[in-house]
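Me: I would like to go through the terms used for this model. Please set each value against its cut-off.

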Amino acid sequence: MPTDRTLPLLGGLTPDQFMRRHWQKKPLLVRQAMAGFEPLLPPAELFALAAREGVESRLVSQDPRRGWRLQRGPFARRALPALKQPRWSLLVQGVDLHDARAHALLHRFDFIPAARLDDLMISYASDGGGVGPHFDSYDVFLLQAQGRRRWRIGRQRDLQLQEGVPLKILANFEAEEEFVLEPGDMLYLPPRYAHDGVAVGGDCQTYSIGFRAPARNELARELLQRIADEAAEEGSDASIYRDARQLATDTPGAIPEGLATFAREALAAALSDPAALDRALGEYLTEPKPNVWFEPGRAPRRLRALVLDARTRMLHDRRHVFINGEAWRAAGRDATLMRRLADHRRLDARELAGASEGARALLLSWCEAGWAHAGTEAADER
């Protein structure tokens with residue numbers, strides 16, 4: 001996607017302009033970001049998806065007397081409230097993993113690094129339905145797909161939450177702006193920007209395109225664990241601590257300084273290889289979510305075209321390509337090919353013609369694992 005071309009999706013801004021002016025900085029309201037947009041999944045299809053095992057769904061309802069209630073799916077259709085019953089919302093997470101149309105919509109935002117892209121959630125709400133005023137720790141685009149929703153937003157300083165409710169609802173929400181979104185309208189909000197969306201009139205669908213933002217301590221923990229596991233597998237420096245010069249002590253509870261030094265040197269050695277850190281990061285960022293699994297496929301005799309499965313995460317850096325938590329070293333023409341696959345999620349016959357035998361064998365193994373699919377047309381991404 002050219003980053004210097006204006007997009008109706010961004011209200012006539014170029015992706016470059018949007019990232020400089022709004023990303024992680026301030027909201028953006030775009031009227032008719034997708035003119036004539038209609039819901040990708042009619043309510044009946046969305047309800048059927050929420051009834052499936054392996055699909056994350058939640059039901060949020062509000063009763064004037066009993067307050068907020070949160071239930072987790074899957075939900076049989078009869079378990080959902082009547083459409084005319086007010087103040088309830090069905091939230092279906094990761095719809096892009098289960099529906100090709102939702103997957104294609106998610107990737108209209110490919111001007112943002114795929115390492116940050118998370119998923120597409122659909123919220124269906126009856127009249128007055130919502131999840132209360134709250135804030136997210138990540139960026140989000142809120143695309144109105146059906147019906148109308150009133151949004152109140154504000155830069156919230158008081159982040160105190162209500163007590164005794166099953167949702168993270170702000171106790172003292174103060175709105176600064178208010179909008180009613182019609183189908184095709186879209187609102188972008190940066191992290192920690194408080195918002196409250198309420199359906200107006202029922203039959204309301206809102207699509208949330210969310211972005212992952214790992215916490216520093218979580219990232220450090222994951223990377224250190226992966227680097228340690230890799231070092232153990234490779235059988236790198238397995239020397240043990242030696243203290244032949246240790247003197248007798250009358251403070252046996254004290255940690256010897258030599259042991260503390262040995263520990264610091266061990267950690268420094270593990271982190272001294274930049275490639276090890278790069279591999280750990282790429283593997284972590286492409287690790288599928290716990291509720292994602294792949295159905296084994298069949299490798300074709302002749303690979304004419306290839307498309308990544310919607311559930312596959314694929315990234316690259318200067319030395320590696322990463323796919324679903326695994327890393328490969330890449331160089332030369334094959335590296336260019338694999339990086340193109342990561343960027344565009346598909347390869348056609350012309351592109352595949354330049355692949356080496358090793359690269360083709362690797363791609364076929366991904367087909368067998370269900371990570372990618374072969375066919376005569378690469379446009380039919382699953």
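**Terms and values**

Reply: Buried residues, those under 20% relative accessible area with a 1.4 Å probe and protein chains only (exposed is over 50%, partly exposed in between), make up 42% of the 382 residues in the protein chain. This is a predicted model: local features need pLDDT of at least 70, side-chain atom pairs count only at pLDDT 80 or more, and totals for chains, interfaces and linings use all residues. Residues are numbered from 1 along each chain as its sequence is written, and side-chain values use heavy atoms, with hydrogens and water left out.

Me: What is the mean pLDDT of the protein chain, and where does pLDDT stay under 50?

Reply: On the scale of pLDDT, the predictor's confidence in each residue from 0 to 100, the mean of the protein chain is 93. Of its residues, 96% reach 70 or more. Residues 377-382 stay under 50. For that stretch the model has 19 contacts (heavy atoms within 4.5 Å) beyond four places in sequence.

Me: How many helices and strands does the protein chain have?

Reply: The protein chain has nine helices and 15 strands. Both are DSSP runs numbered from the N terminus: helices are H or I with at least four residues, strands are E with at least two.

Me: Why is Ile209 called buried?

Reply: Ile209 has 0% relative accessibility, so it counts as buried. Ile209 lies in strand 9 (residues 194-211). Leaving out residues up to four places away in sequence, Ile209 touches Leu106, Phe109, Leu117, Asp119, Leu120, Asp139, Val140, Phe141 and Leu143. Val140 is 69 residues from Ile209 along the chain, and their C-alpha atoms are separated by 5.5 Å.

Me: What makes helix 7 roughly parallel to helix 9?

Reply: Helix 7 (residues 332-344) and helix 9 pack at an angle of about 30°, with their axes 11 Å apart. Angles under 35 degrees count as roughly parallel, over 145 as roughly antiparallel, 65 to 115 as roughly perpendicular and the rest as oblique. The angle therefore makes helix 7 roughly parallel to helix 9. Axes here are lines fitted to C-alpha atoms, for helices over the stretch in contact, and angles run from 0 to 180 degrees between N-to-C directions.

Me: Which residues make that contact of helix 7 with helix 9?

Reply: Helix 7 contributes Asp334, Met338 and Leu341, and helix 9 contributes Ala359, Leu362, Leu363 and Trp366.

Me: Why are strand 14 and strand 15 said to stand at the edges?

Reply: Three strands form an open antiparallel sheet in the order 14-10-15. Strand 14 (346-347) and strand 15 (372-374) each have a single partner strand, so one side of each is left without a neighbour in the sheet. Helix 9 (residues 357-369) packs on this sheet, touching strand 10, strand 14 and strand 15, and its direction makes about 105° with that of strand 15.

Me: How do you know that strand 10 and strand 14 pair?

Reply: Two strands pair if DSSP finds at least two bridges between them. Strand 10 (residues 306-308) and strand 14 have two bridges, in the antiparallel sense. Leu306 stands opposite Leu347 in strand 14.

Me: What pairs strand 11 with strand 12?

Reply: Strand 11 and strand 12 (residues 320-323) pair over three bridges in the antiparallel sense. The bridge partner of His316 in strand 12 is Val321. Helix 7 packs on the sheet, touching strand 11 and strand 12, and its direction makes about 130° with that of strand 11.
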